[in-house]
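Student: Could you walk me through this structure? I am new to it and would like to begin with the ground rules.

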Amino acid sequence: MRPARALIDLEALRHNYRLARRLCGRDGGGGRALAVVKADAYGHGAVRCALALQDEADGFAVACIEEALALREAGIRAPILLLEGFFDADELPLIAQHNLWTVVHAPWQVQALERTPLSRPLDVWLKLDSGMHRVGLDAGDYRDAWQRLRALPHVGNIVKMSHFARADETGCARTDEQLATFAAATAGLAGDTSLCNSPALLGWPQARADWARPGLMLYGVSPFAPPNDNAAQLRPVMTLESKIIAVRELPAGEPVGYGARFVTDAPTRIGVVAIGYADGYPQFAVNGTPVAIDGKPGRLVGRVSMDMLTVDLTDHPQAGIGSGVELWGKQVPAAEVVAHSQTSSYRLLCAVKRVPLQYTG
């Protein structure tokens, strides 16, 4: 079989969730955390990740009802929040049937709940647009929406929530501005609060509240470019690896790969690795992007192909056909690949496909 694979360390996932849980709540305690497993757990396998966390997670968050039902079918009984809410009022009975929680972010959704009696009370997370301007109720409409939902017998708990646009920029004033907007719009309204995504939870202690929604940090990747003490405690969950399947001995002046983006400047050993952009490795990773070859630091050279890429073996005389190459993971931080690849950590992880996922822990 083709040697490319993604190793998923479930104990590292649990470690990262526990860190998120410790950071929850005001003044560093008393909060709860929904493990965000949308987009197939950022490429890590939503069902396996949820099963690994089911004994300790306060609940889970997904994008849509399809993702939630896959978890329910796998036996996950913990609360599951639909982060994008419902797309049609016809979904509401199914949401109630499977005891899901739903975000409400638009006036039409409030109206749909008013028109749709349900068999059991539905917990709602009422979202305020505090300044990201993607989805969420305007500040002037928020209090009325909360009061209308509170009056419905088939609405249970209402969690007040919002989402930060620039929390990964630790020196940016926008997060404090959004906090002030949220505080003003929700003043005097009862119920729990949820504000923190991963960067806010790790870097903005003043934003911590009753519920957090950690996503990226669960998978061991820091959302920050500069060092962060909390993020430094994360453990990488995914290790993407493959093996060398061919070796070329080239003289100086020879091009390697499509477009001759890399040309040897001295006699060079080139290793061909069985992995490419169809597996999720960034197509536009530049020459010098770090890899690990048989556990030692190495570098990518040449343009990444659909199924293969090439690495420099000149300083790795021990390496040859069958040698292991880590593309990112415990030896090569995903953030370093991101820095060389015109991409983001979120896109890097979510793009992984075709390679088998193998679980440990």
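Tutor: One term is needed at the outset: a contact means heavy atoms within 4.5 Å. Please also keep in mind that this is a predicted model.

Student: Understood. Which residues is N197 in contact with, leaving aside its neighbours within four places in sequence?

Tutor: N197 is in contact with H163, F164, A167 and R213.

Student: And where is N197 found?

Tutor: N197 sits in the loop that lies between strand 8 and helix 9, the latter covering 198-203.

Student: Is N197 buried or exposed?

Tutor: The relative accessible area of N197 is 11%. Buried means under 20%, so N197 counts as buried.

Student: What do the strands close into, and in which order?

Tutor: A barrel is closed by 8 strands in the order 2-3-4-5-6-7-8-9, with parallel pairing.

Student: Which strands does helix 6 touch?

Tutor: Helix 6 packs on the sheet and touches strand 5 and strand 6, the latter being 122-127. The direction of helix 6 makes about 130 degrees with that of strand 5.

Student: And which strands does helix 7 lie across?

Tutor: Helix 7 lies across strand 6 and strand 7, and runs at about 160 degrees to strand 7.

Student: How do helix 6 and helix 7 pack against each other?

Tutor: Helix 6 covers residues 107-115 and helix 7 covers residues 139-150; they pack at an angle of about 15 degrees, with their axes 10 Å apart. Angles under 35 degrees count as roughly parallel, and helix 6 and helix 7 are therefore roughly parallel to each other. Their crossing is left-handed.

Student: Which residues make that contact?

Tutor: On helix 6 the contact is made by V110, Q111, L113 and E114, and on helix 7 by A145, R148 and L149. Sorted by class, the contact of helix 6 with helix 7 has 4 nonpolar, 1 polar and 2 charged residues.

Student: What about helix 7 and helix 8: at what angle do they pack?

Tutor: Helix 7 and helix 8, residues 174-186, pack at an angle of about 40 degrees, and their axes are 9 Å apart. That angle makes helix 7 oblique to helix 8. Helix 7 passes helix 8 in a right-handed crossing.

Student: Which residues meet there?

Tutor: From helix 7, A139, Y142 and R143 meet A184, A185 and T186 of helix 8. The residues of this contact between helix 7 and helix 8 divide into 4 nonpolar, 1 polar and 1 charged.

Student: A change of topic: what is there to say about the backbone at A39 and A260?

Tutor: A39 has phi near 55 degrees, a positive value in a residue other than glycine. A260 likewise is not a glycine, yet has a positive phi of about 50 degrees.

Student: Where are they placed?

Tutor: A39 is found in helix 2, residues 38-43. A260 lies in the loop between strand 11, which is 255-256, and strand 12, which is 262-263. A39 is partly exposed, with a relative accessible area of 37%. A260 is also partly exposed, and its relative accessible area is 37%.

Student: Finally, how many helices and strands does the protein have?

Tutor: The secondary structure comes to 11 helices and 18 strands. The C-alpha trace spans about 80 × 45 × 35 Å along its principal axes. Of the 361 residues in the protein, 55% are buried. Among contacts between residues at least 6 apart in sequence, 64% join residues at least 24 apart.

Definitions and conventions. Residues numbered from 1 in each chain as written. Predicted model: local features only at pLDDT ≥ 70, side-chain atom pairs only at ≥ 80, totals over all residues. Heavy atoms only, no water. Helix = DSSP H or I, 4+ residues; strand = E, 2+ residues; numbered from the N terminus. Buried < 20%, exposed > 50% of the residue type's maximum accessible area, 1.4 Å probe, protein only. Axes fitted to C-alpha atoms, helices over the stretch in contact; angles between N-to-C directions. Parallel < 35°, antiparallel > 145°, perpendicular 65-115°, else oblique. Left-handed = near helix turned anticlockwise from the far one by under 90°. Nonpolar A, V, L, I, M, F, W, Y, C, P; charged D, E, K, R; others polar. Pairing = 2+ DSSP bridges.
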